[in-house]
Amino acid sequence: MKRVRVTIHPQSLDSPTLYERLTEAPFLTRVQTVNWNIREPPAAFLLRLRGEYERLEPGLAADEQLFEYELLPVTDRECYLFLKGRAPAESRALWENFTRDGLLTVPPVEWREDGSSTFTIVGTEADVQAAVDGVPETVGIEVDRVGGDRVTPADAREALSPRQREAVEAALAVGYYEVPREATAADVAAAMGCTASTAGEHLQRAESAVLASLFGT
């Protein structure tokens with residue numbers, strides 16, 4: 001058995017409008033795919049969301065690609081979201097590529113604010129390589145980790161997107177996490193070359209992802 005953690009960048013594909021809406025939503029700090037079924041149309045997904053998820057309701061109701069949806073609250077800041085709808089052919093083909101032959105995709109799939117998705121695939125070396133090779137040339141793919149003694153992230157840093165990791169590293173460098181605090185979000189932003197609000201958002205998402213990874217939520 002081969003275990004590989006990969007990140008894909010499907011922004012070039014014709015993807016469901018909801019995918020873009022969820023990955024770019026500033027009021028959500030984490031989006032995960034818990035399970036899905038794309039074998040036969042329509043596609044069905046179960047997501048887990050953290051943040052002000054009630055703000056999604058108007059967009060969900062107006063989304064013509066969705067046939068059915070339901071928000072299932074866990075707390076006032078976390079919920080499950082069941083979706084059933086039409087998936088564009090390109091998007092369906094990409095995800096079918098990771099269920100070929102005896103290959104398994106291990107949930108959760110982490111949706112990143114840059115539009116990428118990170119997940120683990122498990123299978124024979126031949127099946128894993130075929131899946132990596134089968135990703136369209138227009139879709140970027142990065143192999144983040146090969147092997148290890150777990151099929152889910154063992155290192156909390158693996159829960160972070162590249163931009164989130166950059167934000168945390170910049171915050172550590174300028175003293176943002178010192179006690180007492182020696183820097184502000186504006187100082188982190190200056191080190192990253194972005195606005196203070198953007199830096200703050202990256203830090204908030206990173207902190208949420210690390211804590212969730214450490215405590216298994």
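This is a predicted model: local features need pLDDT of at least 70, side-chain atom pairs count only at pLDDT 80 or more; totals for chains, interfaces and linings use all residues.
1. Residues are numbered from 1 along each chain as its sequence is written, and side-chain values use heavy atoms, without hydrogens and water.

2. The largest pocket holds about 280 Å³ of space. A pocket is an open set of points on a 1 Å grid over the protein atoms alone, where a 1.4 Å probe fits, with protein on both sides within 12 Å along at least five of seven lines; lining residues have an atom within 4 Å of a point. The volume is the space filled by probe spheres set on the points.

3. The lining of the largest pocket includes Asn35, Trp36, Asn37, Glu96, Asp101 and Pro107. Two or more lining residues come from each of β2 (28-37) and β6 (104-111); strands are DSSP runs (E, at least two residues), numbered from the N terminus. By class, the lining has 5 nonpolar, 4 polar and 3 charged residues.

4. Strand β3 (residues 43-51) is mostly covered, with 7 of its 9 residues buried (under 20% relative accessible area, 1.4 Å probe, protein chains only).

5. β3 pairs with β2 in the antiparallel sense over 8 bridges (pairing requires at least two DSSP bridges). The two form a hairpin with 5 residues between them, and Arg30 stands opposite Arg50 of β3.

6. β3 is also joined by 8 bridges to β5 (residues 78-85), again antiparallel. Here Leu49 has Cys79 in β5 as its bridge partner.

Definitions and conventions
Helices (H or I, at least four residues) and strands (E, at least two) are DSSP runs, numbered from the N terminus. Ala, Val, Leu, Ile, Met, Phe, Trp, Tyr, Cys and Pro count as nonpolar, Asp, Glu, Lys and Arg as charged, and the others, Gly among them, as polar. Buried means under 20% relative accessible area, exposed over 50%, partly exposed in between (1.4 Å probe, protein chains only).
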